[in-house]
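Here is a friendly walk through one protein model, section by section. Keep the sequence and the 3D view open as you read.

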Amino acid sequence: MQSLQQIFPLLLQPRKVVITTHQKPDGDAMGSSLGLYHFLLQFGHAITVISPTNWASFLNWMPGTKLVLDYERQTEEADRAIDAADWIFCLDFNTLNRTKRMEEKLANAAAQRILIDHHQEPQADKFAYGESDTSKSSTCEMVFDFIMASGHENKISPAVSECLYAGVMTDTGSFRFPATSANVHRMVATLKDKGLDHGPIHEALYDNFLEARFRFLGNVLLNRMEIFYEYNTALIAIPQADLIKYNIKTGDTEGLVNYPLSIQGIKLAAIIIDRGEERKSSFRSKGGFDVNTFARKYFNGGGHFNAAGGQNKETLEEVVAKFITAMKENKDQLSNYQF
């Protein structure tokens, strides 16, 4: 995998470009994809942004979202774009299986794949160019760095700024997570100097839910959360019936895993959701507990040191039992927590 710097001189030559990200894209995935889209568009490239699946409706305010193809619904059109592409930018994921049904198409594409990502253990051999930097807060921060290093800061338009700010803000937990470096604040300062109005972005992302989502949240915290104080751990297990009862849509469970971390003494928070075809898990931790290793070992997943996820085909009850067993196996790390 060659350095991203190698493509800087090539930006001026118009190409057919595909930009894609992981399934069920979050703010960072969609923000980095659309931020890069609006940047590259200024060079005359023909660009198609493809999401492997649908995305949360609270992301629809982002400039350019209406142009994004949903691979599951627009497969033929997306396949034509991939077949014609010279470059395929892969953002906010580093293993092709994170793209669900797109995996085989991307693996066999003739285009050069370009990686920009901040997760651990990338499939480096799958990419012609790229950068994988786990010290970065978000892929949006990395796209910002890419733009700045390319020498084209003048092409940071309002659309670029809004998309990149949304991604870095959401992936840092509104700038409270440890990955919020000085560079992140310098990035935001640069975007503000260019006229970014950040208030409406917060409102679009966090003040844009239906009543059912709040009633669902109340039910989750009252009836689906279990605290294991001996292990400094909290677990939320959500059956599919709850998703149906409250008409939960893509994105409505975003951020729920963070709620238990505000309980005094909790070091590990987990949420396991029965999605029907599989059970999806998310893990968050404080301090020195590595949920990336935890997710990879027990839940077919991975991610970051303090934020990771996984998926299992077993029943919800079986995955919960697996989590409890894994928690107990890690008792020494979880119970030895200093405040």
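## Strand 8 and its neighbours

In strand 8, Leu-235 is the bridge partner of Glu-226. That contact belongs to the antiparallel pairing of strand 7 (residues 225-228) with strand 8, which runs over four bridges. Strands count as paired if DSSP finds at least two bridges between them. Helices (H or I, at least four residues) and strands (E, at least two) are DSSP runs, numbered from the N terminus. Strands 7 and 8 form a hairpin with four residues between them, and Asn-232 in the turn has a positive phi of about 50°.

Strand 8 also pairs with strand 9 (residues 268-274), this time in the parallel sense and over six bridges. Here Ala-234 has Ala-269 of strand 9 as its bridge partner. Strand 8 itself (residues 233-238) is mostly covered, with six of its six residues buried. Buried means under 20% relative accessible area, exposed means over 50%, and partly exposed lies in between (1.4 Å probe, protein chains only). Thr-233, Leu-235 and Ala-237 are buried on one side of the strand, and Ala-234, Ile-236 and Ile-238 are buried on the other.

## How to read the model

This is a predicted model, in which local features need pLDDT of at least 70 and side-chain atom pairs count only at pLDDT 80 or more, while totals for chains, interfaces and linings use all residues. Residues are numbered from 1 along each chain as its sequence is written, and side-chain values use heavy atoms, with hydrogens and water left out.

Helix 1 (residues 27-41) has 15 residues and reaches 21 Å from its first C-alpha to its last, close to the 21 Å expected at 1.5 Å a residue. The expected span is 1.5 Å times one less than the number of residues. Helix 1 is mostly covered, with 14 of its 15 residues buried.

Helix 8 (residues 211-224) contains Asn-219. With a relative accessible area of 11%, Asn-219 is buried. Asn-219 and Ile-238 are 19 residues apart in sequence, and their C-alpha atoms are 9.9 Å apart in space.

Six strands form an open sheet in the order 3-2-1-4-5-6, with parallel pairing. Strand 3 (69-70) and strand 6 (129-132) are the edge strands, each pairing on one side only. Within the sheet, strand 4 (residues 87-91) and strand 5 (residues 112-117) pair over five bridges. Cys-90 has Leu-115 in strand 5 as its bridge partner.

How many disulfides does a search of the whole structure find? The search finds zero, where a disulfide is a pair of cysteine sulfur atoms within 2.5 Å. For Cys-90, the nearest cysteine sulfur is that of Cys-140, 16 Å away. Cys-90 counts as buried because its relative accessibility is 0%. For Cys-163, the nearest cysteine sulfur is also that of Cys-140, 7.8 Å away. Cys-163 is buried too, with a relative accessible area of 0%.

## The second largest pocket

The second largest pocket has a volume of about 220 Å³. On a 1 Å grid over the protein atoms alone, a pocket is an open set of points where a 1.4 Å probe fits, with protein on both sides within 12 Å along at least five of seven lines. Its volume is the space filled by probe spheres set on the points, which are joined across faces, edges and corners.

The pocket is lined by 15 residues, of which Ser-57, Leu-210, Asn-247, Lys-249 and Asp-252 lie nearest its centre. Lining residues have an atom within 4 Å of a point. By class, the lining has seven nonpolar, five polar and three charged residues. Ala, Val, Leu, Ile, Met, Phe, Trp, Tyr, Cys and Pro count as nonpolar, Asp, Glu, Lys and Arg as charged, and the others, Gly among them, as polar.
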